[in-house]
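Welcome! Take a look at the sequence and the 3D view below, and then we will walk through them together.

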Amino acid sequence: MASNVSITPWEAEAFVDYDKLIKVFGTKPLTDEDLKLVESIVGEVHFMLRRKVFYSHRDFDEFLRRYARGERVALYTGRGPSSHTHLGHILPWIFTKWLQDKLGLELFFQLTDDEKFWHEHRYKLEETNSMAYENALDIIALGFDPKKTHLIIDSEDIRYLYPIAIRVARKITVSTNKAVFGFTDSTNIGMMFYPSLQIAVCFLPSELYGEPTMVLIPAGIDQDPYWRIARDIAPSLGYPKPAQIHNKLLPGLGVGGKMSSSKPETAIYTVDDIETAKRKIMKAYTGGQPTAELQRKLGGNPDSCPVFKMMEMLLVEDDAFVRKHYERCRSGQILCGECKTIVAELVAKFLEEHKRRREQARDLLPRFLLRNKFDPPPIKR
Ligand code: TRP
């Protein structure tokens, strides 16, 4: 893909070798044909698909065909609540909401307070649990349909997962766990069991609806190891294999790497106040030249600029606007300071609206909790 790309913002190489990930993980690149299928079924193509922000998949086409045939399908995604939500987390959720809106699908959203407690020893369980509720506010603020969106908080909703996880766990050996996740003899046994809980949600809709229900999981490609195991064991447990669609990770505002809570200065959190968020943008690393003179002469490099990527991958739907901005940067007509001001304003606008809705989300929360809407799946089936 990368070798024959022209200079368009959509296909230029990002900072990670995503083509290589496709090969290593054995997933499929999202093709123009796949996009045509989306167009024919959904009636439009989300900008994150057009720009290949979502770029790789397994059985996304099969999922769409099942939907088109009127078979029951559902969406599944999740979040490990180890920090407040930043814009990199929100990216796949915006796409997930689009799918829900367009296809009228139910969404199962797992918040893994247990995982983060087992994995990150600096946290108490009450901390990861309350962070799950904080993150839930951001999910709700994005406008998901409360009737069709079901939040699962692992530590409190285990009875929904456990009957499935029991069956999943028997299929996963310690040696598989070690090979797939890099676990060692000093990994705690909570983490050793955890994959069966993340995999269990793949099969939960089939149990709750009492009929085979394929799920589509929109998520970063880093979660792929779970789905490889899930797809291996699904047939023997009598479930459809889960489908996936993988997004590229939003770059952090520093030099290289994804937006990450381990580097708070490079991440924009939904709880950052507007001034803090703007300041982080204004201080960001860019693809610019060392001096204004050189920038005018040589142009900037938007393909490796996290500030441009924030506009392209997340904030601006309008293709013409993004393309023009890209060209003005490449040709040195716009300097980084001016560009940052534009993006800082876009971020401020997004955050203002999000914060307002986040406050309202507190009252809506009960309507989103799975436990308030479904009975746990029975052991006998
Ligand atoms: N393990 C994920 C994380 O650390 C959380 C998660 C659970 C998840 N289920 C998921 C992420 C499904 C994506 C899709 O963030």
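## The ligand and its surroundings

Let's start at the ligand: one of its oxygen atoms is 3.1 Å from an N or O atom in the side chain of K116. That is a polar contact, meaning a pair of N or O atoms within 3.5 Å; within protein, one must be able to donate a hydrogen and the other to accept it, and residues adjacent in sequence count only if both atoms are side-chain atoms. Taken alone, the ligand exposes 360 Å², and the protein buries 90% of that (accessible areas come from the Shrake-Rupley method with a 1.4 Å probe).

A nitrogen atom of the ligand lies 3.0 Å from an N or O atom in the side chain of Q110. For Y76, a polar side-chain atom is 3.0 Å from a ligand nitrogen atom.

## About the model

This is a predicted model, where local features need pLDDT of at least 70 and side-chain atom pairs count only at pLDDT 80 or more, while totals for chains, interfaces and linings use all residues. Residues are numbered from 1 along each chain as its sequence is written, and side-chain values use heavy atoms, leaving out hydrogens and water.

## The sheet

Now find the open sheet: 7 strands in the order β1-β2-β7-β6-β3-β4-β5, with mixed pairing. Strands (E, at least two residues) and helices (H or I, at least four) are DSSP runs numbered from the N terminus, and two strands pair if DSSP finds at least two bridges between them. The edge strands, β1 (28-29) and β5 (149-153), each pair on one side only.

Strand β1 runs antiparallel to β2 (residues 54-58), joined to it by 2 bridges. Here P29 stands opposite S56 in β2.

## Two domains

Which residues does each domain cover? Domain 1 spans 18-253 and domain 2 spans 264-361, with bounds from an automatic or database domain assignment. Their centres, taken over C-alpha atoms, are 29 Å apart. The contact (heavy atoms within 4.5 Å) takes 26 residues from domain 1 and 27 residues from domain 2.
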